[in-house]
Amino acid sequence: MLNRRHIRVKVMQTIYAFKGGESDDFSKDQKFLLFSIDNMYSLYLLIISLLLEVQKRAESDLQKKQRKHLATKEDKDPNRKFVNNEVFKLLQDNIELKNQLEAYGVNNWELDSEYVDVIFKAIVNSDLYKEYMQTRVSDFKEDKTFVVDVFKEIIAPNDKLYDYIEDKNLTWLDDLPTVNTTILKLLRKVKRSTTENHFTPKLYKDIEDKQYAIDLFKKTLLNRTAINKEIELKTQNWDSERIASIDFVLLQMAIGELKFFPSIPVKVTINEYLEIAKEYSTPKSSIFINGILDKLVKEYAEAGALNKVGRGLM
């Protein structure tokens, strides 16, 4: 679920907030980094559980109509295609997902049910829903296509849901695109015979990614004095106060990655930090960072200081 760019962003945010020096104990900051990354999984569970709650809300709505004193024929014999959607049923019956929801204490929608109503009403009032409900039966393919489209077009871009997530945890806004993309991929790949762990993806692709997060954080901080000197030498014509703080952190990380991560290609490092700069810093930041890194890479290469292993890593 988590990609390397997102790990870099999390490290950037933690280093940006760090106020100590190389000799200070930053174990608490490292714990915060890992907590911030782990918290992304809580957001994933929160969003995926919303699908379950919407289905429950639809079921409740049908039951209320059936109990009406003057129930119509349609109220008594409603179209249950939405509540019987096979993808919803797979989510409901997934024991691993249920266990994870309990383990992480995800019960937000019980306390904030008005947001479930917002999403449910948006779905019911959509053309997607009206077209889907024109028949009373469907196959798995139609059910899956409907849920995928609902998530992509109604849930993921919902402004009120976005505001709710921002209020709950500000760092979740950076995680939301990755989480939404993950859920969309899982929904598109789901099958009737899907495994129990399909909806409980691993946060890290592998153990190396978690170690990468720790190493990038520690090696950047432990070598900040030397890295800062290199940055200062390359920015002598720049007013230090005009260099955006985020740009300085991104340069620290990029230089650390160039020098201390032999298995990561130079081009990957440069491209990743330029993309992060475009998203998180000023409009001209990527040009500034690219210029500094380009000069440093040429100097490292000429001095034989680029310790890269493997083919094509330069």
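Visitor: What average pLDDT does the protein have?
Guide: The average is 91, and 94% of the residues score at least 70.

Visitor: Which helix has the lowest mean pLDDT, and which the highest?
Guide: Start with the general idea. Where pLDDT is low, the predicted coordinates should not be read in detail. Here, helix H3 (residues 73-76) has the lowest mean among the elements, 69. Helix H9 (residues 140-155) has the highest, 98.

Visitor: Lys73 lies in helix H3. Is Lys73 buried or exposed?
Guide: Residues over 50% relative accessible area count as exposed. Lys73 has 76%, so it is exposed.

Visitor: Where is Asn79?
Guide: Asn79 sits in the loop between H3 and helix H4 (86-93).

Visitor: Is Asn79 buried or exposed?
Guide: The cut-off for buried is under 20%. Asn79 has a relative accessible area of 17%, so it is buried.

Visitor: What lies around the side chain of Asn79?
Guide: Leave aside neighbours within four places in sequence. Asn79 is then in contact with Leu62, Met133, Thr135 and Arg136. Now look at polar atoms of the Asn79 side chain. One lies 3.1 Å from the backbone oxygen of Met133. The backbone nitrogen of Lys81 lies 3.0 Å from a polar atom of that side chain.

Visitor: What does Lys81 lie over?
Guide: Lys81 lies over the face of Tyr132, 4.3 Å from the ring centre. Elsewhere, Lys219 lies over the face of Phe261, at 5.1 Å.

Visitor: Which aromatic cluster includes Tyr132?
Guide: Tyr132 forms one cluster with Phe82, Phe88, Tyr129 and Phe146.

Visitor: How many aromatic pairs are there?
Guide: Rings pair if their centres lie within 6.5 Å. By this rule there are 11 aromatic pairs. One of them joins Trp109 and Tyr164, 5.2 Å centre to centre. Their planes are 35° apart, and the pair is tilted.

Visitor: Where in the chain do Trp109 and Tyr164 lie?
Guide: Trp109 is in helix H6 (residues 108-111), and Tyr164 is in helix H10 (residues 159-168). They are 55 residues apart, and the pair links distant parts of the chain.

Visitor: Are Trp109 and Tyr164 buried or exposed?
Guide: Trp109 has 4% relative accessibility, so it counts as buried. Tyr164 has 3%, so it counts as buried too.

Terms used. Residues are numbered from 1 along each chain as its sequence is written. This is a predicted model: local features need pLDDT of at least 70, side-chain atom pairs count only at pLDDT 80 or more; totals for chains, interfaces and linings use all residues. Side-chain values use heavy atoms; hydrogens and water are left out. Rings of Phe, Tyr and Trp (its six-membered ring) pair if their centres lie within 6.5 Å; planes under 30 degrees apart count as stacked, over 60 as edge-to-face and the rest as tilted. Helices (H or I, at least four residues) and strands (E, at least two) are DSSP runs, numbered from the N terminus. Buried means under 20% relative accessible area, exposed over 50%, partly exposed in between (1.4 Å probe, protein chains only). A charge sits over a ring if NZ of Lys or CZ of Arg is within 6 Å of the ring centre and within 35 degrees of the ring normal. pLDDT is the predictor's confidence in each residue, from 0 to 100. A polar contact is a pair of N or O atoms within 3.5 Å; within protein, one must be able to donate a hydrogen and the other to accept it, and residues adjacent in sequence count only if both atoms are side-chain atoms. Contact means heavy atoms within 4.5 Å.
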